Amino acid sequence: MPNQCARSSPWQSSELEGLARNADPVAGAANSNAVGLASVTKRFPGVVAVDDVSLSFRAGEVHVLLGENGAGKSTIVGMLAGVLQPDSGGLTLAGEPVQLSSPFESLSFGISTVFQHAMLVPTLTVFENLVLGDAWWRRSSRSQMEERIAELQELFGLQVPLDAMTGELSLGEQQQIEIARALLRDCSVLILDEATSMLTPQGVDELGGRMRRLADRGLSIIFITHKLTEAYRFGDRVSVLKLGRLAGEIGKDSLKAASEASAVEDMLRLMFGGEESAATPAPQPDRTAGEVRLAAANLRIDGGSVNMAHSEISLAVRSGEILGIAGIDGNGQKQLAEALAGQRPILAGRLDLDGEDVTDASVGRRRALGLRYLTDDRLDEGSVGMFPVADNTVLKEIGAPPFWSRGIERPARIAEHARDLIKRFAVRTPNEFTPISNLSGGNIQKLLLGRELSGTAKVVVFNKPTYGLDMQNSVDSRRRIRAVANSGIAVLLISTDLDEIIELSDRIAVMDRGRICGVLENNSSAPREMRTRVGRLMVGDAAMEAAA
Amino acid sequence: MEALLTPVFLSSLLTGMIVAGVPLLLAGLGEQMSEKAGVLNIGIEGMMLAGAYAGFWAAWALESIWLGFLGGIAGGVLVAIVMALLCIRIGLNQIVIGIGLTLGAEGLTALLHHFQFSRTYPRLPAPARVDIPLLTDLPVIGPSFFGRHPIVYLALAMVVVLAFAYRRTNLGLTLRAAGEKPAALDVAGGHVVLLRSAAVLFTGAMAGLGGAYLANVGAGTFIPFMTGGAGFIGIVLAMLARGRPLWVLIAALVFGAALSLTTALQVAGSNIPTDVIQMLPFAAVIVILVAFGRRARLPAALGLPYERGKR
């Protein structure tokens, strides 16, 4: 039982320390308690999302809630925002019990939330989104808004283009608007849920600076993240959640006194209960690249929403090799993956799979030749949510033996196949008949990987394989990807996570605005240097990289 | 053909256009608000029919056409309350409930009418008209446009009022937010359930009034199933109009003209076969849908129930 591990760990003492400080009247006066949770429990069907958690957030502090997927962070956010109601226990506001039965009430108590997924209406302008929630019979004043926005711009450097159509802005820009909206409401508590997941490294730094300035003005900032370095860099106080329970807290003084490395180490131990550190870089695999399995020559792809009209993509992946495709999300990576898999038309050029021309081959033909594609869209494109796990494992072989014989489905064989995959890939599911949408992202990913690797795979295209997974699952996924390459399969790894690319790849191609703007030999023993080199290419600074 | 373009023909065409167009306009304006808020109100046909029956019954029993209109509004709202409770508060499927309400209202009004009047169709006295001095005396268009029942002018006023409210108050964008992304409105401190319920009740009131106009002014009596798809045409109007009340008016008049052409051609005594004439309104629907329907853009969350905190 991991919960018990956490309770009996040496870190219990620091948790007690934190609580004791809370009770200290002097400290309490210096940092007034803005909002808190008192023994809150929240259950969802089949899971206890938050289990008897007590927390208190103070004015003038950036309080980090750290934890993996499913640790209960977003549930806590939901309760503070009035979207969810606790099953037992309650919330406190300035020490008094309070009930937040709707987002409206939560806002009226000065609690503003910037949600993980943008909560703006894409078809309204920015101005209209900012005045949303005002009395409906009135017309909100434009000039007043302009004044206040100018003020925010000056104080926090927020860019708020009032007349832009919200849906046309990038996620980072939308987030700035949400922060601006929160500030326009004069909130005293600002919650940022996984706010850095869609920002560039520079954007993350800016956000950190903004949070600091807001905290200095007396706001209580609640910053939810699963990234340890961010927790250390931006937080005054870190509370670690694990499987719905509070695993421990690192207080203000101990956080400031610790170096980044030791603080991260502490957090890791709280998150994983003293298991081996998940951050240890894996040794570079010992493998030799073989013959070319997948070769694209001057491919022109119908990019759809991404303009790829003028790009000709050439690349080759050899057996046993991992070719990483780095780049900022939305620069044509998905289009490339889909074109390789046969889901998107190739306009010109040539694609060879194991020496055979597959430029115009169907998805099924490419699959039969050994090409496998793991989509980043696990639930919509990769699986049928309502279907049981077993049916999802044979989704790409409908009608084919041995699971169907002469058009008749053989449920026992399908179930057996599914049980085998569940066992081999350590999928956590009650049984093979559970609808796949009930599984966590990590487990769906494992199952899809298992499905794609069954049969004779020669080339596997991974599209953002660890997107949305927690650290443990990411580590496992990366280990599997490496194992896939070690078994002699050619791997194309598309990822927006630079660390992942550098950790796994043999060569790194960088995509920018629909084309490949450079290919580098990876040197995973110097990750910092690689980061800068790849990073420059990612932001379109090929000249600088060439000069360096 | 020149025999067709007589003053008699034109006058009856224009009159018919307005008589047939006004219920469509009322229904279309009502449906438009529901759709803006993200509720596909298929029950509007039932609301109209309930309004027609209740409106006729109230006017007949209370001997006042104005109380009749109030009754019509009440009838439409009554059905709308059921819709709001089932689809918005409980979050049931809007299409299933909408069809159910329409079929239910058809059956119930026919049954009640049968109990009360058996197979007789008592007529109401011809309603008072508002003659606008001078303008009414114009040839051909005078009596058609300016000698109409006050409800006609009320419906036209609603176009202006709604256009103003949608453009110049926060109502328009609040409704749009409820229809595009209700969760965003909710976390911005809006009240999705309340707003959507109010929109559906407004639809009920407008549809009920349209139904009452159909019964009390258009026909002068209630006949079971008399709306004959007017509510559904209202849904089409709302979708074509893309959120603009003025477009609902234009489209309603076009449809009204197509509908009244049926009668006008018969009045004019042309030698076009009746079957072809009676096909015209529906052919017009098809033509207009093919021409403009493609560009109709519906709210993203149209037809989707909103439940807070559900992912």
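This note sets out points on the contact between the chains, the nonpolar cores and the salt bridges of a predicted model.

1. The interface. Chain A contributes 29 residues to the contact, and chain B contributes 23 residues. Together the two chains bury about 2,200 Å², of which 62% is on carbon and sulfur atoms.

2. One salt bridge is found between chain A and chain B. It joins the side chains of Glu128(A) and Arg176(B), with an N to O distance of 3.7 Å.

3. The side of chain A that touches chain B. Helix H5 (103-108) and helix H6 (126-131) of chain A are the elements that give two or more residues to this side. The largest share, three residues, comes from H5(A). By type, the residues of this side comprise 17 nonpolar, six polar and six charged.

4. The largest nonpolar core. This core has 153 residues, and Ile76(A) and Met267(A) touch the most other members. Helix H9 (residues 192-219) of chain B gives the most to this core, namely 10 residues. Leaving aside residues up to four places away in sequence, Met267(A) touches Leu66(A), Leu228(A), Ala231(A), Tyr232(A), Val238(A), Ile250(A) and Leu255(A).

5. A separate core. Another core, of 32 residues, lies apart from the largest one; among its residues are Leu294(A), Ala339(A), Ile346(A) and Leu492(A). As a general point, nonpolar side chains in soluble globular proteins tend to be buried together.

6. Salt bridges overall. Over all chains, the structure holds 34 salt bridges. One of them pairs Asp186(A) with Arg148(A) at 3.4 Å, N to O. Asp186(A) lies in the loop between helix H8 (171-184) and strand S7 (189-193) of chain A, and Arg148(A) in helix H7 (residues 142-156) of chain A, 38 residues apart. Asp186(A) has 59% relative accessibility and therefore counts as exposed, whereas Arg148(A), at 32%, counts as partly exposed.

7. The side chains of Arg233(A) and Asp205(A) meet at 2.2 Å, N to O. Arg233(A) is partly exposed at 42%, and Asp205(A) is partly exposed at 41%.

8. A network. Lys334(A), Glu338(A), Arg344(A), Asp376(A), Glu381(A) and Lys464(A) are joined in a network of salt bridges.

Note on methods:
Residues numbered from 1 in each chain as written. Chains lettered and ligands numbered in written order. Predicted model: local features only at pLDDT ≥ 70, side-chain atom pairs only at ≥ 80, totals over all residues. Heavy atoms only, no water. Contact = heavy atoms within 4.5 Å. Buried area = accessible area lost by both parts, 1.4 Å probe. Salt bridge = Lys/Arg side-chain N within 4 Å of Asp/Glu carboxyl O. Helix = DSSP H or I, 4+ residues; strand = E, 2+ residues; numbered from the N terminus. Nonpolar A, V, L, I, M, F, W, Y, C, P; charged D, E, K, R; others polar. Core = buried A, V, L, I, M, F, W, Y, C linked by side-chain atoms within 4.5 Å. Buried < 20%, exposed > 50% of the residue type's maximum accessible area, 1.4 Å probe, protein only.
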